[in-house]
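Here is a short briefing on the structure shown below. It takes the chains, their contact and the core in turn.

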Amino acid sequence: MNANIMNRSELIYHTIAIVTLAIFIILLWNFTSDVSYVEDQTSSDVMTEETVSTIYGLLYRMIPSFCGVILFSIAISFYLEEWLHQTSWQYQIIERYIAILARVPSLVVGILAVYFILFHFQNITYYSLLLTVVLLVMPFTIRSTQKAIQTVDMSVREAAYALGATRWRVVTSHVFPHTFPKILAVIGTAISRILAVAALLVAGVWIYVSNSFNIPKSVILMITGAVIVSVLSSLLDWKK
Amino acid sequence: MDTNNYSIETENLSLWYGDFQALIDVSVNIPTGKITSLIGPSGCGKTTLLRCFNRVNERYGNVTTEGEIKILGKNIYDPDVSLLELRKTVGMVFQRPNPLPISVYENILFGLRIHSPFRSLNRTQADEIVEEALTAVFLWDDLKDKLKMRATSLQLEQQQKLCIARLLPLKPQVILMDEPCSALDAKGTLAVEELMSVLAGSYTFLIVTHNMAQAKRVSDECIYMFLGELIEHRETQALFETPEHPKTADYVQMRYG
């Protein structure tokens, strides 16, 4: 009976992977074969110097959304690890799909985002940025938080359950406090990923609009910020 | 208390992990207020049987159970049974000492805090409970100045005693022990065994052990299991000296296992 469930989840998992690949290949085909369309659009004046200032506005607006995405991802990873049975097909599918997405380097997501915003849509909107944040942060955060939760010794959970603790109690009084430093480190890394991609985006737009490589200071600041945050978060992770 | 003096009764209990049948038609009665030990070669279902009694088995998906388990006369698979109450009545001590990674003081109170309304314990009551529990397991003198210490930094023997102590405030009727001494040295084993025999009158103990000398020393009754089946259940001395079943004889006379 169990073997059947595994096979079904395996099948769904492979289907998802193949469909995703197919979509990417079709998209790529579409863009590469349609170069003339892209070149036509570059002559329009949709992107102007105003765009650079609207980007900053949008980036600030992203901060609360970023926090929301982070909290949501952490909640999902606790749900996956503590509530779902790891043999259930739901767990298998979500877990593996996230594993695929988490392996995509942040640079790839960043370059894709810049490409879409600059050359394809010629427009920068709240939703395109939100999509970038979701793709960049969610799989990575869920995966790393899951790993942190898995480091909590099974015997601690067993002890608490055997004393009659509910799942909620076990998570709030043991699993969460134990993983908290690691979760902070994960959040730090997520912030630095976002800062790096934001720097890439601002630089890309700047070069595109002004046609010069005289990149604004804010880009350098964002990159420095990304480095500082990632160093700090690795320090947090060091202790345990 | 149950009229027929058995704390745990099972009838035709079978259990599967997926397709694998780990327990086959186990029917057993565990007497109240005594120490009963479960012996048998590795993988024979001792621990599985033990874990059925407070339903911790259920946490690992794909487990199917058939048959009946009555604890203090009540079927624990009845829909009106609360897991919280069940685990309060049936305490469990694990193979590796597993104190929670909090202070000694909080370890003792953790169970009680789960089972009592929020903030219903006042400081003096809590202090008394902790002292009582630690005294019962002979740890009070060693630990009275270290109550704020992290429980995971104690010696293994003390940790295991603490794991027993933290059950006591819940006033369990049955204490299940899964190879409680396998991580301890000779001195620690002796201390835990002594503790068990002192507590035996007031609690029903069911212990899984690989150590036959230990089964002989501490238990009143002994159950031999083999490949998921219950082979023999008799008084310890009788089981070791005049085993009825040839499989039991092979095992207890060390021809097997």
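The points below are grouped by topic.

This is a predicted model. Chain A has 9 helices and 0 strands, whereas chain B has 10 helices and 10 strands. The largest nonpolar core has 114 residues.

**Chain A**
- Chain A has 240 residues, and 28% of them are buried.
- Along the sequence, its pattern reads α-α-α-α-α-α-α-α-α.
- Consider the contacts in chain A with a separation of 6 or more: 85% of them join residues 24 or more positions apart.

**Chain B: overall form**
- Along the principal axes, the C-alpha atoms of chain B fill a box of roughly 55 × 45 × 35 Å.
- Of the 257 residues in chain B, 43% are buried.
- Among contacts in chain B with a separation of 6 or more, 69% come from residues 24 or more positions apart.

**Chain B: an open sheet**
- Four strands of chain B form an open sheet in the order S2-S1-S4-S5, with antiparallel pairing.
- Strand S2 (20–31) and strand S5 (74–75) of chain B are the edge strands, and each pairs on one side only.
- Strand S4 (residues 63–71) of chain B pairs with S5(B) in the antiparallel sense, over 2 bridges.
- B:Lys74, in S5(B), is the bridge partner of B:Ile71.

**Contact between the chains**
- Chain A brings 18 residues to the contact, and chain B brings 20 residues.
- On the side of chain A that touches chain B, helix H7 (154–162) and helix H8 (167–210) of chain A each supply at least two residues.
- H7(A) gives the most to that side, with 7 residues.
- By class, the side of chain A that touches chain B has 8 nonpolar, 8 polar and 2 charged residues.

**Nonpolar core**
- In the largest nonpolar core, of 114 residues, those with the most contacts inside it are A:Ile194, B:Leu38, B:Ala165 and B:Leu176.
- H8(A) gives the most to this core, with 18 residues.
- Leaving out residues up to four places away in sequence, A:Ile194 touches A:Phe66, A:Val133, A:Leu136 and A:Val137.
- In soluble globular proteins, nonpolar side chains tend to be buried together.

How values were computed: Residues are numbered from 1 along each chain as its sequence is written. Chains are lettered from A and ligands numbered from 1 in the order in which they are written. This is a predicted model: local features need pLDDT of at least 70, side-chain atom pairs count only at pLDDT 80 or more; totals for chains, interfaces and linings use all residues. A residue is buried if 20 or more other C-beta atoms lie within 10 Å of its own, exposed if 12 or fewer, and partly exposed in between; C-beta atoms are placed from the backbone. Two residues are in contact if their C-beta atoms, placed from the backbone, lie within 7 Å. Two strands pair if DSSP finds at least two bridges between them. Ala, Val, Leu, Ile, Met, Phe, Trp, Tyr, Cys and Pro count as nonpolar, Asp, Glu, Lys and Arg as charged, and the others, Gly among them, as polar. A nonpolar core is a set of buried Ala, Val, Leu, Ile, Met, Phe, Trp, Tyr and Cys residues joined through C-beta atoms within 7 Å.
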